[in-house]
Amino acid sequence: MQVLSSRNVRLLSRGRNEVLAGRSGTQRHGGDPRTRSLTCPPMSSSSSPGRKMSENGIMSRAKVLTIDTMNPTVKKVEYAVRGPIVQRAVELERELSEGMKKPFAEVIKANIGDAHAMGQQPITFFRQVLALCSYPELLSDSTFPEDAKSRACRILQSCGGNSMGAYSASQGIDSVRQDVARYIERRDGGVACDPDNIYLTTGASDGIVTMLKLLVCGEGTTRTGVMIPIPQYPLYSAALAELGAVQIDYFLNEEKCWSLDITELQRAVNEARQYCNPRALCIINPGNPTGQVQSRQCIEDVIRFAAKERLFLMADEVYQDNVYAEGCQFHSFKKVLFEMGPEYAETVELASFHSTSKCYMGECGFRGGYMEIINMDDEVKDQLTKLLSVRLCPPVPGQALMDLVVNPPQPGEPSYGSFIKERTATLSALAEKAKLTEQVLNTVQGISCNPVQGAMYSFPRITIPEKAVKEATEKGQQPDMFYCMKMLEETGICLVPGSGFGQKDGTYHFRMTILPPTDKLKILLNKVKEFHQRFTQQYS
Amino acid sequence: LKSQRLNGISHRGRVLTLDSMNPNVKRVEYAVRGPIVQRAVQIEKELKEGVKKPFTEVIKANIGDAHAMGQKPITFFRQVLALCSYPALLEDSKFPEDAKKRAQRILEACGGHSIGAYSTSQGIECIRQDVARYIEKRDGGIPSNPDNIYLSTGASDAIVTILKLLVCGEGRDRTGVMISIPQYPLYSAALADLGAVQINYYLDEDNCWSLNITELRRALNAAREHCNPRVLCIINPGNPTGQVQSRQCIEDVIRFAKEEHLFLMADEVYQDNVYAEGCQFHSFKKVLFEMGPEYSNTVEMASFHSTSKCYMGECGFRGGYMEVINLDPEVKAQLIKLVSVRLCPPVPGQALLDLVVNPPQPDEPSYATFMKERTAVLSTLAEKARLTEQIFNTVPGITCNPVQGAMYTFPGITLPQKAIDKAKELGLVPDMFYCMRLLEEDGICLVPGSGFGQREGTYHFRMTILPPTDKLKVVLQKIREFHLRFTQEFS
């Protein structure tokens, strides 16, 4: 590893770099002049063009805004899920459509959890209601079921001027927030939920970034530190880089099915206290990219840890309906927190996030989502509402969709049968694909894959021969980036290298969605298998 | 608060409190949805619960929200959106062919032919092409490159993103951003959030809120003492001030930006909202290119547009775009990376934007209806703009510039000294006191001028001209009576 100089190595070993880099979050990447983002071209001397004096004596350069004069925290942002490999995939697609010959006929984008793009059909009821809300003249159309119409009427009545085109309240439409609260109560076996604690958002990402923004303060050793799992979903590292917060890595245990270990949390927080002020703990359950589902016991331990160490808990629960493995069950942090009694339920500060983009609906394009906040200080709540008001409101069609997700057709309603059928079909196909992926990948020598207990991804470990590591290093690439790029060029399969999510030094992975239709997924897994064998042979 | 120590860590109160939160967020202010609007919402609730008030409904003239004020959506737009949402309707003979064709084209550009798929982070490619063609038509043929178009979550999102790219440096090197006063408070809010330095330049109220280069220069020179001015923001047509800039003025601004090495941000979301005789919208892009390569090859600019205003008023969909000109290619790569973290703008909003830039054409079946609806909205707005100015100017103590464009009037109001004193006693800004009283007495929700910035010692409010004409007349009459009553009470 020591021979590698590219930026992603720094991501992996960030915990160490924090200490080395003067213990300042904002200085984190400052040391190594060779450090280079993979997504931006290298700085060349042409980006600092010659200066000239203008008539009035002001130093004038060719451009106001250059790579050298832009926001330095933005430069540190990385988001591998849509990084260089995806840009190359888009290029390849264009080349194919222009008739260029490739060893494959189509690019398969298994880089992102985008169910509809992979052919999953939307839930009929949801789309009927959205059509009715978009064009209310359809309310007099007899081909639409009555429950879809009554749902649409209810949504429209809570919109300004009965139109989805009006701004909503910044926190989201009242009646939708009420429905969300009732949904959470049902999910959590009756634990109370106050609609005032619900904030609708533009996808879950928006809620997560907003909460992190509220939390970040201090300078130097008092700068806010945020604990995130490694491997992580890179929204977290990207948001922390942009906010100039300190990223505190805690490693999930790959040998134990990517489980979370309190000893490791303790190690991470203790080390971090030397150079920053750890204030938040982020948990992704079910895990992205790692697919583990946390046990109830583990969640209790995490909550106890957060209470003891005075950490604000952020629970990313967007995959809450995506649980496939036998014996696994989704437990919300909220529910467990309240079952632990008032000592915890009345003190631990928690924000939990959900979205319309995942689960059985996969409606990513609508950017719907919500967060629920627990035990938040009232004054901070006012500040949160104010902050959200600047962006006016989350997209109203996404709010409408969120309403349908939390309040789907009920038994006795005309759409119930087909809704349940569609929902079940999607979820059981996903469960089958989760098993299939694990099985096939584990037959490949040099690939080992934990069970995909939940979520939508497999994150197998791959053995990369020393020669390949060397060649990648010579090219200034991460070994797993080198591997994924080669796979893309040879097979048209677009995966995301493990380095984009973070991994233990010297280990390599990739993230692959399990979303392609079963037939296609089989072909894809087979191609991955063949590629891996070819690659291993070529470099041994 | 008791402090207890556990593991050597101090345990006191909550993790996140007003004292321990992001200080930049605390500095953010956004009057358009500030305390007065919160009170308006409370009053609405009270009315519902049967509390007696001197009025029966709250009229929210605080925000440019056309549909909430009863404006009907454009039929064609909503037909296409329904078709995109539920493609089974493509078989339905009730929908016109052009709507179906448009929906099919949008769906074909979506992953899996669904608006439920993520789009590319920069926005759907064919929509960016349509936006580029729209800009070319608007600007008399000046080329627009789809690669320079970024779709956004409303215009606000794009404005904040560009500001975010621009902010750097510490102390005297900290980026300064010039904004008009009065301004749309998104700008001051974003600058506070980003910790950038706000540089105020004042619009000339006596000359119909026009922009004056001498004032720009004064503001810039003063700012150079304490920060590094790098950006100049222009809102044209003006919000909250309603002025429409002349071509000459835009040329002068561009020359100034070039001379002073400033990045130009042109907020042009009201580009179709121009009402006054002799006024015309000129885009900064067009003027820039007409000034020749010396300018068009060098001046860096971002221009913003949205689906929320103009004749469509589709605020809830959060559609918008920006066009960047002369942006450094390396910075562009950084911009694409930055927007990718948020995955993509809402796809229904992107679809709607596509319809705005590519509406029904003369030979298509929906053309006539579309034109009828569009013209009706715009001519009503023009009428309401005139009406508002006329009525306000009959009130002693209110002076109102012509509403040349946009959707607001921003009249100056004379407040008696006693009212100013009373406000101070209550710890309120005088025009906030005035607007709160108006809300409590008449149920009319306006935004005090202090939320937008104004010259010291002057007072204003912002009111939208969006209520239906009949209702607007009532509102104007009520404000007139209130103002007279208020003036009398405090003299």
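A salt bridge is counted here where a side-chain nitrogen of Lys or Arg lies within 4 Å of a carboxyl oxygen of Asp or Glu. In this predicted model, that rule finds six salt bridges across the interface of chain B and chain A.

**The interface of chain B and chain A**

In this interface, 98 residues of chain B are in contact with 103 residues of chain A, and the two chains bury about 8400 Å² between them, with 57% of that area on carbon and sulfur atoms. Polar contacts link 46 residue pairs between chain B and chain A, counted where both residues have pLDDT 80 or more. On the chain B side, the elements that each give two or more residues are β2 (9–11), α1 (23–27), α3 (75–85), α6 (154–166), α7 (186–194), α12 (329–341) and α13 (347–357). Of these, α12(B) gives the most, with eight residues. Sorted by class, the side of chain B that touches chain A has 45 nonpolar, 28 polar and 25 charged residues.

**The two domains of chain A**

Within chain A, the domain assignment gives domain 1, made of the segments 78–107 and 418–539, and domain 2, which spans 124–406. The C-alpha centres of these two domains of chain A lie 28 Å apart, and 31 residues of domain 1 are in contact with 32 residues of domain 2. Together the two domains of chain A bury about 2700 Å², of which 58% is on carbon and sulfur atoms.

Three salt bridges are counted between domain 1 and domain 2 of chain A; a salt bridge in chain A also joins the side chains of Glu254(A) and Arg461(A), at 3.5 Å from N to O.

**Values for the two pairs of parts**

| Parts | Buried area | Share on carbon and sulfur atoms |
|---|---|---|
| Chain B and chain A | about 8400 Å² | 57% |
| Domain 1 and domain 2 of chain A | about 2700 Å² | 58% |

Conventions: Residues numbered from 1 in each chain as written. Chains lettered and ligands numbered in written order. Predicted model: local features only at pLDDT ≥ 70, side-chain atom pairs only at ≥ 80, totals over all residues. Heavy atoms only, no water. Domains from an automatic or database assignment. Contact = heavy atoms within 4.5 Å. Buried area = accessible area lost by both parts, 1.4 Å probe. Polar contact = N/O pair within 3.5 Å; in protein donor to acceptor, adjacent residues only side chain to side chain. Helix = DSSP H or I, 4+ residues; strand = E, 2+ residues; numbered from the N terminus. Nonpolar A, V, L, I, M, F, W, Y, C, P; charged D, E, K, R; others polar.
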